[in-house]
Amino acid sequence: MSSPNNLQTLNNDTIIDLIGNEPIKIKKFQHEFLIQSASSLKEIVNYFNSNDFFNIKESAHFLKTSAKAIGAERSAYFLESIEEQCLVNNKPAIKQLLIKLNTELKAIKSELRNEEP
Amino acid sequence: MKNHNRVAKRHPSILILAHKEEDVHGVNEIISEQTDDYSCLIIKKTAFEDIKQLAPKVLLFALSDVKKSICMYNQLIKRNYLIKNHYSVLLCSNKESGLAFKCCLKKLFDSYFVFQPLYEKFRLQLIIFEGLKRFDSASDCINSLNELVQNHDKEINSQIELGLSYKESLIEEINKSRTEVNSLNKGLLDQLPDDISKKLINDLNEEHLQPLLNALEHSISCKLLELVDSLKHSKSLNNQLIQKLEQPIFPNKELSNDSNLAINSIEPELPQSILLVEDNHIYREMIGEVLSSQGFEVEQVDDGLAAIKKIKQHKYNLILMDLFLPNLDGLNTTKHIRNVGKNKLTPVVALSGNKNKQLVKKWANHGLDGYILKPSTKEEILTTIKKVLK
């Protein structure tokens with residue numbers, strides 16, 4: 001992943017390539033991702049407030065797996081960047097990435113809402 | 001935010017020594033969660049005199065490198081500026097951890113801690129606690145440490161308490177038996193006619209009976225720790241068993257007319273079983289569905305320890321496993337699979353991100369048979385699995 005500008009908020013082809021073109025299952029997994037990301041983000045913010053860089057990295061890595069799987073390319077990019085910044089304890093950079101990630105997760109939510117009939 | 005001024009307390013129990021305040025920002029935060037009785041001293045010309053006046057009990061040397069920390073500590077000891085039974089901790093970067101370990105092995109420092117990068121928060125708090133214990137000033141810390149860890153799973157907490165009570169009662173029993181053996185020996189000694197026989201019994205006791213009792217105590221302690229571990233996983237195993245019982249007998253198999261004919265003539269082939277080990281439940285479910293749709297029988301677990309439980313009970317045709325797992329990672333779980341149980345020869349396929357190629361390479365040396373890059377496509381996943389199963 002080189003730059004977030006070339007990436008999509010939600011690339012549906014990724015999940016179709018993974019589980020097949022099954023709209024009901026895709027909706028289910030996307031909905032589960034929204035729930036998982038909300039709780040993971042909360043967890044990451046708590047670790048951030050206590051300077052627990054190891055656990056920030058662990059939680060970011062965990063969420064990155066499902067972000068990649070549902071095709072949330074920009075979110076996965078920010079999560080991977082958070083992992084990298086955790087290795088050098090760069091708290092200001094992590095803060096900026098968390099803000100971007102939060103915005104991106106909101107964008108996914110709104111994109112999914114717009115897709116609803 | 002706590003006040004990290006140079007002399008924040010007149011006689012703080014804990015003193016952190018550093019060249020720059022930003023170097024120890026994280027360390028300060030961690031210690032401040034544990035106690036207020038600490039200060040941070042930024043090294044200047046007056047440092048030696050300041051340290052002498054502060055008279056800390058626990059000193060953390062977090063200078064820019066280990067060599068500078070050793071030099072400073074040597075000077076402090078040489079000039080007799082520290083209290084006699086102080087507790088010294090060397091803070092170092094990861095690349096200097098070997099040197100720090102050597103310093104502790106030689107007993108120059110009492111302990112060391114890698115603070116760059118700063119990962120093991122609780123270990124630092126444990127080191128501070130050990131240091132304060134030397135001065136009987138650790139009771140406040142116990143409460144604060146308890147508060148820090150009290151958010152953990154209630155079930156695990158109760159299992160730990162249960163394990164500890166088992167351990168205490170067994171140690172009590174061992175001590176009782178030891179007292180009985182000693183009194184029995186004493187009785188025998190009293191009855192013996194001469195000193196030579198008494199000496200023989202004493203030697204026998206010291207050289208054979210006591211080591212045996214110590215070994216027994218150690219062995220029981222180890223077994224208890226294993227018991228606590230297995231209890232921790234009993235709940236998740238029960239849940240998996242219930243899930244398994246609720247599944248239909250032939251999931252995902254729709255028989256066509258043609259296959260009905262085939263069943264009349266030959267025995268039905270058993271589905272190939274796959275153990276899927278992945279902590280992210282969304283991705284795990286996705287892969288599980290991909291595999292089930294192809295007629296594989298899939299069992300799912302979310303960490304390495306649960307996988308080890310499974311491999312002890314069942315033989316699988318293939319194990320598909322994530323690299324980063326809670327409790328025990330993919331690499332160490334594979335090492336275990338290759339050494340113990342029914343799956344020594346079962347192929348293991350790694351699920352891994354693009355960034356972990358070096359780790360996958362290392363993993364390959366311990367018996368990895370293939371790997372799938374996350375997230376991958378259905379086709380790539382099935383091709384890899386079918387290739388390995390051939």
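Axes are lines fitted to C-alpha atoms, for helices over the stretch in contact, and the angles between N-to-C directions run from 0 to 180 degrees. The model is a predicted one, in which local features need pLDDT of at least 70 and side-chain atom pairs count only at pLDDT 80 or more, while totals for chains, interfaces and linings use all residues. Residues are numbered from 1 along each chain as its sequence is written, and chains are lettered from A and ligands numbered from 1 in the order in which they are written.

Of the 390 residues in chain B, 29% are buried; a residue counts as buried if 20 or more other C-beta atoms lie within 10 Å of its own, as exposed if 12 or fewer do, and as partly exposed in between, with C-beta atoms placed from the backbone. Two residues are in contact if their C-beta atoms, placed in that way, lie within 7 Å. Among the contacts in chain B between residues at least 6 apart in sequence, 64% join residues at least 24 apart.

Helix α1 (residues 25–34) and helix α5 (residues 121–133) of chain B have axes that come within 10 Å and cross at roughly 60 degrees. The helices α1(B) and α5(B) are therefore oblique to each other. Their contact draws on B:Val27, B:Ile30, B:Ile31 and B:Gln34 from α1(B), and on B:Lys121, B:Leu124, B:Gln125 and B:Ile128 from α5(B). By class, these contact residues are five nonpolar, two polar and one charged; Ala, Val, Leu, Ile, Met, Phe, Trp, Tyr, Cys and Pro count as nonpolar, Asp, Glu, Lys and Arg as charged, and the others, Gly among them, as polar.

Chain B also has an open sheet of five strands, in the order β2-β1-β3-β4-β5 and with parallel pairing. Strands β2 (38–42) and β5 (111–116) of chain B stand at the edges with a single partner strand each, so one side of each has no neighbour in the sheet. From one strand to the next, the twist averages 20 degrees. Two strands pair if DSSP finds at least two bridges between them; strand β4 (residues 87–93) of chain B and β5(B) pair in the parallel sense over five bridges. B:Leu91 has B:Phe113 in β5(B) as its bridge partner. Helix α1(B) packs on this sheet, touching β1 (14–18), β2, β3 (58–62), β4 and β5 of chain B, and its direction makes about 175 degrees with that of β1(B). Helix α2 (residues 47–54) of chain B lies across β1 and β2 of chain B and runs at about 170 degrees to β2(B).

Further along chain B comes strand β9 (residues 348–352). Five of the five residues of β9(B) are buried, so the strand is largely enclosed by the rest of the structure. B:Val348, B:Ala350 and B:Ser352 point one way from β9(B), and B:Val349 and B:Leu351 the other way. In a regular strand the side chains alternate between the two faces of the sheet. Strand β8 (residues 318–322) of chain B pairs with β9(B) in the parallel sense over four bridges, and B:Asp322 stands opposite B:Leu351 in β9(B).

The two chains meet where 18 residues of chain B are in contact with 21 residues of chain A. On the chain B side, the elements giving two or more residues are α1 and α10 (281–292) of chain B. Helix α10(B) supplies the largest share, five residues. The side of chain B that touches chain A divides into nine nonpolar, three polar and six charged residues.

Within chain A, helix α3 (residues 53–70) and helix α4 (residues 73–87) have axes that come within 8 Å and cross at roughly 160 degrees. That makes α3(A) roughly antiparallel to α4(A). The contact residues of these helices divide into nine nonpolar, two polar and five charged. A:Ser40, in helix α2 (residues 23–49) of chain A, counts as buried with 22 C-beta neighbours inside 10 Å. Leaving aside neighbours within four places in sequence, A:Ser40 is in contact with A:Ser59, A:Phe62 and A:Leu63.

How values were computed: Angles under 35 degrees count as roughly parallel, over 145 as roughly antiparallel, 65 to 115 as roughly perpendicular and the rest as oblique.
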